[in-house]
Amino acid sequence: MRNKPGKTDITNTGRRDWLGSAAKAVAGAGLLGLVDPLVRAGAWAAGSDAPEKAEVRIGFIPLTDCASVVMASVLGLDKKHGVKIVPSKEASWAGVRDKLINGELDFAHVLYGLVYGVHLGIGGPRKDMAVLMGINQNGQGITLSSKLHEAGVTDGESLHKHMQAEKRAYTYAQTFPTGTHAMWLYYWLAAYGIDPMRDARVITVPPPQMVANMRVGNMDGFCVGEPWGARAIMDRIGFTAATTQQIWADHPEKVLGATGEFVASHPNTARAVTAAIIEAGKWIDASPANRRKTAETIAAKSYVNTAADAIVDRMLGRYTDGLGKTWDDAHPMRFYADGAACFPYLSDGMWFLTQHKRWGLLKTHPDYRAVAGAINRIDIYRQAAAAAGAPLPASEMRQSVLMDGVRWDGADPAAYADAFSIKA
């Protein structure tokens, strides 16, 4: 049996006394209005360090993990760093991609793999891109239809047996071809001997449309972020076959993305926005009460547009699979985790490249480390972390063991990508 990866080694650097007192006030009262206005203005908002753009549009998709972007605005943490965040609700990841590229959006809550795909010219027009921070870890899920459960399917193993016996075309949905949900879905199916490229039909469906499409029978299963897995259970049309943290505990998920061109011309703005969202993630993770308040806030029509009940339990790590099993998850969705959920580890970005190569989206091996180093703007993140009082890890790489027992540490990504028995 392989050893589990050790906890991320976090060191504390760059804390600012003025920010510490402000953060305590926010966490203690839950209201930014109690923080001294002069403190809220922030040290970065003076002189040449002032954001180049005072108001920015950040695109988001209606998902639970847009929470820190929304709360940075709602709590006024953006103004503390000298910038105003305007959250912009978008209909699809393709729309987010296009609006980032053409400049309608300055930043976006976006799929990790989408940013990498655009940078490499797969999944859309090629454009230099930037990952400024991780927005969250964990909290996605694979939902299978109630019809499959009626046929005796409860997990990946029974799904494989059922598909072999039925020999019909099965359809599964993900949210974007190079995105996280596609990679989780493919990895999970392949781990149970199901080749997603040969044994199934895979379609792309925007997250808010997943439940409606399953209700009318357009797919047998889907992988998406919350609250749409929980919503499928509430509507009695599906069950959770796996959470993505069962595939990879504390996996990377959404990121704060922008074009490389925007970051180059607006570095102070990028730092300020990143710092505000780091602080929002810290506030959300600080207590169950803050998570509940966040769930109530983002449930509104202008954000996720669903009942808060569909959001809050899984945000608190309280899961039910729709088949009678309930549990408190050891790896729930998290937005800060002492900085570990926010740091843009190079190895996280490299992992998505290995899966793009595995499934034929990339025809040749890229220079994994160089691509990740160009996209993941650790230089900007370090400045933002100092402004937000967030600790930094000891290394830009980390290691994990995924559900199939295979260790990922970024040491030899080409060999890792080539070693899978099921691949394109």
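## Strand β9 and its partners

In this predicted model, glutamine 140 has glycine 225 of β9 as its bridge partner. Strand β6 (residues 140–145) and β9 run antiparallel and are joined by five bridges. On β9 there is also a pairing with strand β7 (residues 171–174), here parallel and made by two bridges. Tyrosine 172 is bridged to glycine 221 of β9.

Strand β9 spans residues 221–225 and is mostly covered, with five of its five residues buried. Gly221, Cys223 and Gly225 point one way from the strand, while Phe222 and Val224 point the other way.

## The five-stranded sheet

Five strands form an open sheet with mixed pairing, in the order β3-β2-β4-β11-β5. The edges are β3 (84–89) and β5 (129–134); each has a single partner strand, so one side of each lacks a neighbour in the sheet. On average, and with direction ignored, neighbouring strands of this sheet are turned by 30 degrees against each other.

The pairing of β2 (residues 55–60) with β3 is parallel and extends over six bridges. Within this pair, glycine 59 stands opposite serine 88 of β3.

## Helices on the sheet

Helix α3 (residues 67–74) packs on the sheet and touches β2, β3 and β4 (107–111). The direction of α3 makes about 135 degrees with that of β3.

Helix α5 (residues 93–102) also packs on the sheet, where its contacts are with β4, β5 and β11 (254–259). Between the directions of α5 and β4 the angle is about 145 degrees.

## Helices α14 and α15

Helix α14 (residues 267–285) packs against helix α15 (residues 288–298) at an angle of about 115 degrees, and their axes are 6 Å apart. The angle makes α14 roughly perpendicular to α15.

From α14, the residues in this contact are Trp283, Ile284 and Asp285; they meet Asn290, Arg291, Lys293 and Thr294 of α15. Sorted by class, the contact comprises two nonpolar, two polar and three charged residues.

## Helix α19

Helix α19 (residues 378–388) is mostly covered, as eight of its 11 residues are buried. The buried residues are Ile378, Ile380, Tyr381, Ala384, Ala385, Ala386, Ala387 and Ala388. Glycine 389 follows α19 and has a positive phi, near 70 degrees.

Conventions:
Residues are numbered from 1 along each chain as its sequence is written. This is a predicted model: local features need pLDDT of at least 70, side-chain atom pairs count only at pLDDT 80 or more; totals for chains, interfaces and linings use all residues. Side-chain values use heavy atoms; hydrogens and water are left out. Two strands pair if DSSP finds at least two bridges between them. Helices (H or I, at least four residues) and strands (E, at least two) are DSSP runs, numbered from the N terminus. Axes are lines fitted to C-alpha atoms, for helices over the stretch in contact, and angles run from 0 to 180 degrees between N-to-C directions. Contact means heavy atoms within 4.5 Å. Buried means under 20% relative accessible area, exposed over 50%, partly exposed in between (1.4 Å probe, protein chains only). Angles under 35 degrees count as roughly parallel, over 145 as roughly antiparallel, 65 to 115 as roughly perpendicular and the rest as oblique. Ala, Val, Leu, Ile, Met, Phe, Trp, Tyr, Cys and Pro count as nonpolar, Asp, Glu, Lys and Arg as charged, and the others, Gly among them, as polar.
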